Structures are given as C-alpha cells and as structure tokens.
Amino acid sequence: MIELSEVRKKYRDTTALDGVDLSVRKGEVYGVLGRSGAGKSTLLRTVNALERPDSGSVKVAGTEITALGGADLRAARSRIGMVFQHFHLLRNKTVAANVALPLRIAGKPKGERGPRVAELLDVVGLSDKANAYPAQLSGGQRQRVAIARALAAEPDVLLSDEATSALDQQTTVEILDLLRRLNRDLGLTILLITHELQVVTRICDSAAILRAGRVVESGKVADLLAAPGSELGRQAFHLGDTAATEAARTVDITFTGAEVGEPVVAALVRRFDLDVSILDAAVQTAPGDGGFTVGRLRLAVPAGPRTGEALEWLRTRGYGVEER
Amino acid sequence: MNLDWAELAELLGPASLETLQMVGLATLWTVVAGLPLGVALYSLSPRGLRPVGSVYKILGLVVNVGRSVPFILLMLAIIPVTRLLVGTSIGSVAAVVPLAVAAVPFFARLVESSLLDIDPGLVEAARSMGAHGLGIVSRVLVPESLPSLIRALTVTVVAIIGYSAMAGAIGGGGLGAVAVRYGYQRFQYDTMIVAVIILVVLVQLIQFAGDLVSRRLDRR
C-alpha cells in the first residue's frame with residue numbers, strides 16, 4: 001500500500017532521511033519507532049508530500065506521490081488521512097464543523113456532509129459533542145474528533161504523527177484501541193510514527209526502527225520480538241543490566257507461543273546438571289491474531305564442559321539463544 | 001457656557017452623519033483592499049503559504065511607505081487621484097479616498113500579524129486534507145483568526161475616525177471640520193467640546209462593539 005525506496009532528505013547540513021526503504025502492506029498497522037530527531041516526522045510527511053524528498057520513490061496505492069503536483073496531488077492527499085500530536089483542530093469551529101472540514105474542502109454539498117459527520121462522530125463515540133467547541137473537550141476527545149476528521153473523506157491510508165504522545169496513559173490506550181478497531185472494521189491501512197514503544201507492541205502488526213535517518217531493523221512485530229538480538233526485543237523486554245559472575249555466562253533465552261509454559265530452567269538443571277540462576281525475565285504479547293506471546297529469560301549459566309552442549313540443545317528445541 | 005441646543009443639533013447632527021458616512025465608506029474600502037493585501041503579505045512572508053522573499057520585501061516596502069507618510073501630506077499628495085475617482089477633492093465623500101489609502105496598509109499589517117499568530121500545524125492539517133491556497137485562507141485562516149481580525153478592524157476604524165477629524169481640517173466634512181472651524185478658528189469652544197465629546201463617544205462605542213463581537217466569536 002505504501003512503498004518507500006531509497007528516500008533521502010537533507011536540511012542544510014543535517015540528514016533527516018538517509019536512504020529509507022519501507023513497505024507497508026494493505027490493511028496493516030505499521031509503526032515507525034524512533035527517538036526525536038531520528039527523521040520520523042520527515043518520513044511520515046513524505047507519504048503525503050508535505051515534505052518532498054531529495055531523491056527516492058514514495059508510492060501510495062501504486063501512485064508515485066513524488067511525481068504529483070497541483071490538483072492531482074490534492075486529490076491524492078484527500079485519500080490519505082492524517083492525525084497529529086497536538087490535534088490541530090479549528091478552535092473557533094464546533095466539533096461537527098471540524099469533522100466536516102475535509103468534506104467542504106472536497107466540495108461535498110451540505111446535504112451530504114450532515115449525515116456523514118453524524119456517522120463519523122458515532123464511530124468515534126462523540127455523537128453528543130457535535131455542537132461543542134474543542135476547548136470544551138478533553139485531550140482524548142479532541143484526538144477522537146481529529147480521527148473522525150481524518151476519516152471524513154474515506155481515505156485508504158491513515159498517517160499518525162505521534163497521535164498519543166500528548167495524552168495520559170489511560171487515554172493513550174483508548175486512542176490506540178480505537179485506531180486498532182478502525183483498522184479492523186474499515187480495513188484502514190495505518191502508518192504511525194512514535195517514540196513510545198508501547199504503541200508498537202500494542203497495536204502494530206509490523207514495525208521499523210529509525211535511527212539517524214536509517215531503518216536499523218524492520219519486520220513483523222512478532223518476528224522482531226522473537227528474534228534474538230533484535231533492537232525491538234531488547235527495548236521491549238528491557239532486561240536489567242545484571243551480569244553473571246566470572247564463572248558463568250550470561251545467556252538470553254527467547255521463547256514463543258506454546259514454549260512459554262515449558263520448564264526451561266528445570267530442563268537445564270536436570271538434563272545437563274547446570275545450576276543456572278535467573279537474572280531477569282519478561283513476557284510480551286505481540287498484537288495481531290490470537291495475541292502472540294513472546295518471553296525472554298536472562299540466565300546465568302555456569303561455565304562448564306556441558307554448557308555449550310546445553311545451549312545447542314536449546315537452539316534445536318526452537319529457543320532463541322543469545323550470549324551476552 | 002450658554003448653549004443653544006437647537007442650533008447645536010442643527011450643526012452637529014448633519015456633521016455626525018457625515019463622519020459616519022466617511023468612516024463607514026473608508027472602512028468598507030479598507031476591508032475590501034486591506035484584507036487581501038494582508039493575506040498576500042502573510043502568504044508571501046517567510047512563514048507563509050507560499051513564501052517569495054523578493055515580492056514580500058517589495059510589498060512590505062510599499063506598505064511601510066504608505067504607513068509612514070503623514071496623513072495630512074498623503075491627503076494633499078493624492079488629490080489628483082481623488083479627483084479622478086470622485087470628481088472632486090472637497091467634501092466628506094472625497095475624504096474617503098485618502099482615508100482608505102491611509103488605512104489599507106495599516107490594516108493589512110494587522111491582518112498579516114493576526115494570520116501569523118495561527119498555529120502553522122493547522123495549515124499543515126488543511127494541506128494534508130488536500131486544500132489549496134485559497135481554501136486554506138477561506139476555510140482555516142480567516143475563520144480561525146476572526147476574533148483577532150475583528151480586533152484589528154476595531155483599531156483600524158478608531159484610527160480612521162482620528163484621520164477623519166484631520167481630513168475635516170483641510171476640506172473634508174464631518175465632526176472634525178466643525179470642531180476645527182468653530183473651536184480653533186472662531187473660538188466657540190462649547191461647540192468644539194460637544195463635537196469632540198461626540199467623537200469620544202463614537203470611539204468608545206466602536207471599541208465596545210468590537211470587543212463584544214470579538215469575544216463572542218472567540219471559542220478558545
């Protein structure tokens with residue numbers, strides 16, 4: 001649905017995007033995770049040409065966005081909704097008028113706008129706020145209005161620019177769940193950028209990590225979490241810095257799905273006579289069908305003649321094994 | 001002070017109407033020309049919709065020259081233009097031309113700064129919806145800055161009232177002309193004071209109305 005290839009963008013002497021490739025499939029929620037200054041914002045804005053890349057290709061639904069201008073570009077943009085960290089609602093207009101804005105821009109007659117606005121407000125659960133002004137709403141409600149507005153012109157794609165970063169924890173979860181629901185119910189493809197890991201682990205099917213304008217890793221969230229040595233896994237499990245003593249090796253064991261219930265530690269003790277100790281452990285449930293569970297265990301395994309054999313055995317059993 | 005109220009009313013009534021007519025017409029033309037000029041200044045400015053540095057600088061210079069020439073000189077300087085447009089350079093209708101010419105650059109700058117106060121994120125949001133430049137101006141910039149534009153207009157109308165009194169001194173009509181003729185030239189201070197009081201009340205009313213409307217429209 002969205003294909004970026006070799007996208008580059010420089011501002012004077014800082015490189016915002018340094019050859020970015022990204023592929024978002026139709027109907028998925030794709031998260032780009034990165035710290036501020038990583039180039040996320042620029043990346044997102046190349047998709048609807050609010051930013052023009054210096055080079056590279058940006059395709060949305062097969063159309064090369066970088067080649068568009070004038071009326072063609074405006075038409076393409078109306079097929080791409082966008083929500084922002086600070087909502088960007090018209091403060092002197094009612095909720096209903098804000099939601100109707102894209103319809104007015106598209107030249108839809110008044111008779112069509114009314115029912116569509118009512119429908120959209122119902123979708124985001126704000127039917128009773130149609131005549132309120134943004135100042136009378138909470139942050140979460142304002143973001144719901146912005147989401148309804150972004151959906152007004154029935155876009156195929158929704159771009160989200162840190163949509164939950166200005167919201168508290170509880171509201172963040174509500175907005176994320178709303179986005180996930182819209183993704184499922186409307187088949188909406190969502191590309192979001194965030195610096196919050198929980199956004200990715202809660203609603204994203206796929207993710208990329210952006211650092212200094214480059215994608216350092218990308219793929220299905222479940223795969224990234226399960227892959228030993230992945231950056232996303234390291235951040236998500238956030239295992240402590242506890243190191244084993246000199247006589248032992250620190251080993252991270254990653255297990256997925258059904259293996260979660262298996263007694264790994266007991267097996268190591270019994271089978272290989274290794275007195276392992278647990279340094280840290282965490283479990284993550286990846287979003288997507290059935291809630292894919294991934295766990296990671298940091299063990300101190302005594303260095304001995306059978307240690308290598310034990311680790312090899314774990315690998316053959318399908319565990320991710322990574323020595324630190 | 002021994003005031004003949006009937007005589008005063010006969011003198012100041014028509015003069016007040018003349019002032020209202022002059023200020024009203026000048027305000028109308030100021031909005032018609034100043035609003036687009038202000039939007040153009042904003043659009044071309046470095047933070048605007050379509051920044052063009054060179055054109056912005058030239059336009060800015062013209063506006064600044066318009067604002068810095070003393071009104072009384074401006075009024076005299078554009079007499080040929082006034083004659084061309086109105087047919088005469090004397091009277092309250094003729095005074096509308098220099099009043100509008102003086103107020104347009106003033107109002108345009110106020111419009112520019114009102115628009116610059118709008119969060120650029122709103123403009124970006126409108127762009128993301130596929131709005132073109134004029135759509136952004138009419139659907140986002142003007143509605144969102146309306147309270148601030150009303151305040152700008154209020155300040156402008158008050159300035160026009162001030163100028164109109166000056167216009168009265170050199171051939172225009174209205175309350176200013178009466179105040180100068182009777183007070184300054186004939187030493188009938190009572191007439192002058194009443195004329196000035198009417199001007200003060202007029203300014204107060206305009207300011208009050210402007211504040212009220214601006215507050216009503218402001219939902220922030």
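# A tour of two chains

Start where the chains meet: 20 residues of chain A are in contact with 21 residues of chain B. Keep in mind that this is a predicted model.

**Stop 1: the chain A side of the contact.** Select helix 2 (70-78), strand 6 (80-84) and helix 3 (95-105) of chain A. These are the elements that give two or more residues to the side touching chain B. Now colour that side by residue class.

**Stop 2: helix 3 of chain A.** Stay with one of those elements. Is helix 3 of chain A largely enclosed or open? Nine of its 11 residues are buried, so the rest of the structure largely encloses helix 3 of chain A. Pick out the buried ones: A:V95, A:A96, A:N98, A:V99, A:A100, A:L101, A:P102, A:L103 and A:I105.

What covers the buried residues of helix 3 of chain A? Show helix 2, helix 4 (110-123) and helix 5 (139-151) of chain A, which are part of the cover.

**Stop 3: chain A as a whole.** Zoom out. Chain A has 11 helices and 14 strands. Its C-alpha trace spans about 80 × 45 × 30 Å along the principal axes. Of the 324 residues in chain A, 43% are buried. Look also at how contacts link the chain. Among those between residues at least 6 apart in sequence, 67% join residues at least 24 apart.

Stop 4: Strands of a sheet pair through backbone hydrogen bonds, either parallel or antiparallel. Find the four-stranded open sheet of chain A, with the order 2-1-4-5 and antiparallel pairing. Which strands stand at its edges? They are strand 2 and strand 5 (63-64) of chain A. Each has a single partner strand, so one side of each lacks a neighbour in the sheet.

Zoom in on strand 1 (residues 2-11) and strand 2 (residues 14-24) of chain A. They pair in the antiparallel sense over eight bridges. Select A:I2, and you will see A:V24 of strand 2 opposite. Next select A:K10, whose bridge partner in strand 2 is A:T15. The hairpin has two residues between these strands, and A:R12 takes a positive phi near 45° there.

Now show helix 1 (residues 40-47) of chain A. This helix lies across strand 1, strand 2 and strand 4 (55-60) of chain A. Its angle to strand 2 of chain A is about 55°.

**Stop 5: two helices of chain B.** Two packed helices are described by the angle between their axes and the distance between the axes. Select helix 1 (residues 5-44) and helix 9 (residues 189-217) of chain B. Their axes come within 11 Å and cross at roughly 35°. The crossing is right-handed.

Which residues meet here? From helix 1 of chain B come B:L8, B:L11, B:L12 and B:S16. From helix 9 of chain B come B:T191, B:V194, B:A195 and B:I198. By class, this contact has six nonpolar, two polar and no charged residues.

**Last stop: helix 2 of chain B.** Select residues 53-68 of chain B, a helix of 16 residues. Its reach from first C-alpha to last is 22 Å, close to the 22 Å expected at 1.5 Å a residue. How many of its residues are buried? The count is one, and helix 2 of chain B is hardly covered.

Key:
Residues numbered from 1 in each chain as written. Chains lettered and ligands numbered in written order. Predicted model: local features only at pLDDT ≥ 70, side-chain atom pairs only at ≥ 80, totals over all residues. Axes fitted to C-alpha atoms, helices over the stretch in contact; angles between N-to-C directions. Left-handed = near helix turned anticlockwise from the far one by under 90°. Contact = placed C-beta atoms within 7 Å. Nonpolar A, V, L, I, M, F, W, Y, C, P; charged D, E, K, R; others polar. Buried ≥ 20, exposed ≤ 12 C-beta atoms within 10 Å, placed from the backbone. Expected span 1.5 Å × (residues − 1). Pairing = 2+ DSSP bridges.
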